[in-house]
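Hi,

Here is the model I promised to pass on.

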Amino acid sequence: MSSTAKDYPASTSIVVEDVSKTFSLRFHRTFKQVTVAKLRGQRTREDFNAVDHVSFTVEQGESIGLMGLNGSGKSTLLKLVNGTMRPDTGQVLTRGRIAGLIATGAGFHPQLSGRDNIYLNAAVFGLTEQETKDRFDDIAGFADIGKHLDSPVGNYSSGMGSRLGFAIAINVDCDIFLADEVLAVGDRPFKRKCMEKMEEIRDSGRTLFYVSHAAASVRKMCDRVLVLDEGRLVFDGDVDEGLAFLNDEDDADPRKVRAGEEELDEELGADV
Ligand SMILES: Nc1ncnc2c1ncn2[C@@H]1O[C@H](COP(=O)(O)OP(=O)(O)OP(=O)(O)O)[C@@H](O)[C@H]1O
């Protein structure tokens, strides 16, 4: 029998219980290709576990760095936590309101201006029109996209979309803040601003879930690291041990470098 929130103390923020999510890898694009492949007895798709029997519990106020190679399942896990995706097996329990930036531009209406999207997006997060009005200057100020605020969001660069999305997310009252590679786009001053804001969020006692490939920012921001490898949770614990685990796992794999200190300059500048 699956548990309910009542089975956990009030200090528990997120419970992920034996969660799996399966996707299909399709080998052919057109109906004709699929038909021909089937007639030849070839496989047309392959299922794989993007998240594979993952379990962990997060206490309110913990700041978690979620790490792993490209495609290891981090974004999928975050989507399962914020409820935009449902697990195929297992369950996810969360306490309180969740905000954050998962996919750049997600939830934006491309034909509406940045200004209108602020109201729309904030409403989705549960803010009243008056609350959004009160916070509008903070949101626009943080996004700092100048006159583009009145252009359709569909014409924004990915950096601009991310600035606006992050600016809205940090102005929503939440108990759990999810940030998926917010630092991957955006220029250096904006990244620094985001880091400072996330530190503020962490220090205010909210639960922070931060996806990053950058060891330095995870070390600065987090008190616990989870590492995913092909959908499986292969490490859950201390930050330094988690970073060492990532580097030791396979030094020969060039992609591992992304999880190391080499990312530091690239992502945040040498002095962070
Ligand atoms: N909607 C989907 N349909 C099919 N496959 C998907 C879908 N979403 C993700 N995947 C696949 O699931 C796997 C995990 O993807 P995910 O985006 O969670 O990885 P990630 O660890 O966040 O990667 P990255 O570091 O590159 O952002 C990948 O192989 C990806 O191609």
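Below is what I found, starting with the ground rules.

This is a predicted model, in which local features need pLDDT of at least 70 and side-chain atom pairs count only at pLDDT 80 or more, while totals for chains, interfaces and linings use all residues. Residues are numbered from 1 along each chain as its sequence is written.

Around the ligand are Phe23, Ala50, Gly68, Asn70, Gly71, Ser72, Gly73, Lys74, Ser75 and Thr76 (C-beta, placed from the backbone, within 6 Å of it). Helix α2 (residues 74–82) gives the most to this shell, with three residues (helices are DSSP runs of H or I, at least four residues, and strands runs of E, at least two, numbered from the N terminus).

Next, the sheet. Six strands form an open sheet in the order β5-β6-β7-β3-β8-β9, with mixed pairing (strands pair if DSSP finds at least two bridges between them). Its edge strands are β5 (98–101) and β9 (232–237), each pairing on one side only. Strand β8 (residues 224–229) and β9 pair in the antiparallel sense over five bridges, and Val225 has Gly237 in β9 as its bridge partner.

Finally, helix α1 (residues 31–39) lies largely in the open, because the number buried among its nine residues is zero (buried takes 20 or more other C-beta atoms within 10 Å of a residue's own, exposed 12 or fewer, partly exposed in between; C-beta atoms are placed from the backbone). Just after α1, Gly41 takes a positive phi of about 75°.

Best wishes
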